[in-house]
Amino acid sequence: MESRTLATSIGLPVAAAALGSVATATGTRSAWYRTLRKPAIQPPPAVFPVVWTALYAQIALASADAQSHMTPEQARAYRGKLAANMVLNAGWCWSFFRGHRLVPSIVVAGALATSTADLARSAGKASPRAGWLLVPYALWNGFATILTTAIWRKNS
């Protein structure tokens, strides 16, 4: 497997996880977050690190698998999509937990869900297994958009 494939497949999700966790770690302890009214669909706090760890691992596996079945041009385009997706991924944490910006966070979550669906489609064209590996990530980001919207509604 090409070193660029491994570096981006692992490095981009790790970078997004690290950047997102910086915003999330202090954000979940903030007075702002603690006083938000949460909807009934809000999972318990312990769920998030477990789910995100699994999702980042699946993103890395799917991305490496997909790129190994792509032409160099297709892999380059895929890496661009993955990079944009990871920027949106970490960006939501900063918009929500650090920025306290609910409406922009809904927009970022929706863009992330759309980007993830496209990433799964692109991966699936190259390797059906890679596409299926990204389905949980796409579903979780769709749920995140619904959850962010529900939080905004309860607090506006």
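Me: Is isoleucine 10 buried, partly exposed or exposed?

Reply: Burial is read from relative accessible area: under 20% is buried, over 50% is exposed, and partly exposed lies in between, with a 1.4 Å probe and protein chains only. Isoleucine 10 has a relative accessible area of 45% and is therefore partly exposed. This residue is found in helix α1 (residues 3-27); helices are DSSP runs of H or I of at least four residues, numbered from the N terminus. The model is predicted, so local features need pLDDT of at least 70 and side-chain atom pairs count only at pLDDT 80 or more, while totals for chains, interfaces and linings use all residues. Residues are numbered from 1 along each chain as its sequence is written, and side-chain values use heavy atoms, with hydrogens and water left out.

Me: How many aromatic pairs does a search of the whole structure find?

Reply: Rings of Phe, Tyr and Trp (its six-membered ring) pair if their centres lie within 6.5 Å; planes under 30 degrees apart count as stacked, over 60 as edge-to-face and the rest as tilted. The search of the whole structure finds 10 aromatic pairs. One of them joins tyrosine 33 and phenylalanine 96, edge-to-face, at 6.3 Å centre to centre with 75 degrees between the planes. That pair links distant parts of the chain, with tyrosine 33 in helix α2 (residues 31-35) and phenylalanine 96 in helix α4 (residues 72-98), 63 residues apart. Both residues are buried.

Me: Which aromatic cluster includes Tyr33 and Phe96?

Reply: One aromatic cluster is formed by Trp32, Tyr33, Trp92, Phe96 and Phe97. A charge sits over a ring if NZ of Lys or CZ of Arg is within 6 Å of the ring centre and within 35 degrees of the ring normal. Lysine 38 lies over the face of tyrosine 33, at 4.2 Å from the ring centre.

Me: Where is histidine 100 found, and what is its phi?

Reply: Most residues other than glycine have a negative phi. Histidine 100 has a positive phi of about 55 degrees although it is not a glycine. This residue follows α4 and is found in the loop between α4 and α5 (102-126). At 34% relative accessibility, histidine 100 counts as partly exposed.

Me: What span does α4 reach from its first C-alpha to its last?

Reply: The expected span of a helix is 1.5 Å times one less than its number of residues. Helix α4 has 27 residues and reaches 38 Å, close to the 39 Å expected.

Technical notes: Helices (H or I, at least four residues) and strands (E, at least two) are DSSP runs, numbered from the N terminus.
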